[in-house]
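Please keep the sequence and the structure open beside you as you read.

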Amino acid sequence: FRCKRYKAVYDKMTEMNAGSEAHGAVTDVGAGRQEFLKYCQSLPNWRGGYYPIDGSIDGTDLDHWWPQVYSAFNIAIEVLEHLWAPFRLADELVDKSWVGAVITTPNPAVVDVLGMDPTHVTPITEDDLLIRGWFVEVCELFGTEGDSLLAWKYKPRRVH
């Protein structure tokens, strides 16, 4: 079932990258066992660097962490609902990208976000994301229609 999440994020990155699967560097925030990388490596056209960040891997406290370097994409798959200040990190993910950021989170309009995991502390609604300039797709990533939010935001282009 996790491959559904990874495919949704990968497809969104490809779409954001004008259809190119040469994604460049991807920083996976909350990478866990690096399953997103394994998914990408199983694809015939995957080309890109991969940088995992995760408290269980390296002790990173994501409530106080920010990206130190730029990546083409910063992703957070089922991570932000675990943070006390998720939009601080979400903003940083966009700011420290060349193309943009992609996230997934449980949809509190359909599932009990706080009840599904004791480490969930902040339900994130579709409106929370929309008012902050994210594009949002309500989708099914866990087996129940509309149970998840897939959101993406492009890095604003500076005009000189």
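Which residues have the most contacts inside the largest nonpolar core? They are Val9, Met13, Phe36, Ile75 and Val102, in a core of 24 residues. A nonpolar core here is a set of buried Ala, Val, Leu, Ile, Met, Phe, Trp, Tyr and Cys residues joined through side-chain atoms within 4.5 Å. At least two residues of this core come from each of α1 (2-16), α2 (35-41), β3 (71-77), β4 (97-106) and β6 (148-154), and α1 gives the largest share, 6 residues. Helices (H or I, at least four residues) and strands (E, at least two) are DSSP runs, numbered from the N terminus.

A word on the ground rules: this is a predicted model, in which local features need pLDDT of at least 70 and side-chain atom pairs count only at pLDDT 80 or more, while totals for chains, interfaces and linings use all residues. Residues are numbered from 1 along each chain as its sequence is written, and side-chain values use heavy atoms, with hydrogens and water left out.

Apart from neighbours within four places in sequence, methionine 13 is in contact (heavy atoms within 4.5 Å) with His23, Val26, Phe36, Phe73, Ile75 and Val102. There is also a second, separate core of 21 residues, with Leu89, Val94, Ile124 and Val136 among them.

Helix α4 (residues 86-95) has Pro86, Phe87, Leu89, Ala90, Leu93 and Val94 buried. Seen down the axis of α4, these buried residues fall within an arc of 155°, so they line one face of the helix; the arc is that of the directions from the helix axis to the C-beta atoms. The cover over the buried residues of α4 includes β1 (26-29), β3, β4, α6 (126-130) and β6.

Now for the open space. The largest pocket has a volume of about 640 Å³ and is lined by 28 residues, with Gly30, Asp54, Ile77, Glu78 and His82 nearest its centre. On a 1 Å grid over the protein atoms alone, a pocket is an open set of points where a 1.4 Å probe fits, with protein on both sides within 12 Å along at least five of seven lines; lining residues have an atom within 4 Å of a point. Grid points are joined across faces, edges and corners, and the volume is the space filled by probe spheres set on them.

Buried means under 20% relative accessible area, exposed over 50%, and partly exposed in between (1.4 Å probe, protein chains only).

| Residue | Relative accessible area | State |
|---|---|---|
| Threonine 119 | 42% | partly exposed |
| Leucine 37 | 15% | buried |
| Alanine 18 | 74% | exposed |
| Glutamate 78 | 11% | buried |

Threonine 119 sits in the loop between α5 (113-116) and α6. Leaving aside neighbours within four places in sequence, threonine 119 is in contact with Glu81 and His82. The C-alpha atoms of threonine 119 and glutamate 81 are 8.4 Å apart, although 38 residues separate them along the chain.

Leucine 37 belongs to helix α2. Not counting residues up to four places away in sequence, leucine 37 touches Trp46 and Tyr50.

Alanine 18, in the loop between α1 and β1, has a positive phi of about 55° although it is not a glycine. Glutamate 78, in the loop between β3 and α4, likewise has a positive phi, near 55°. Most residues other than glycine have a negative phi.
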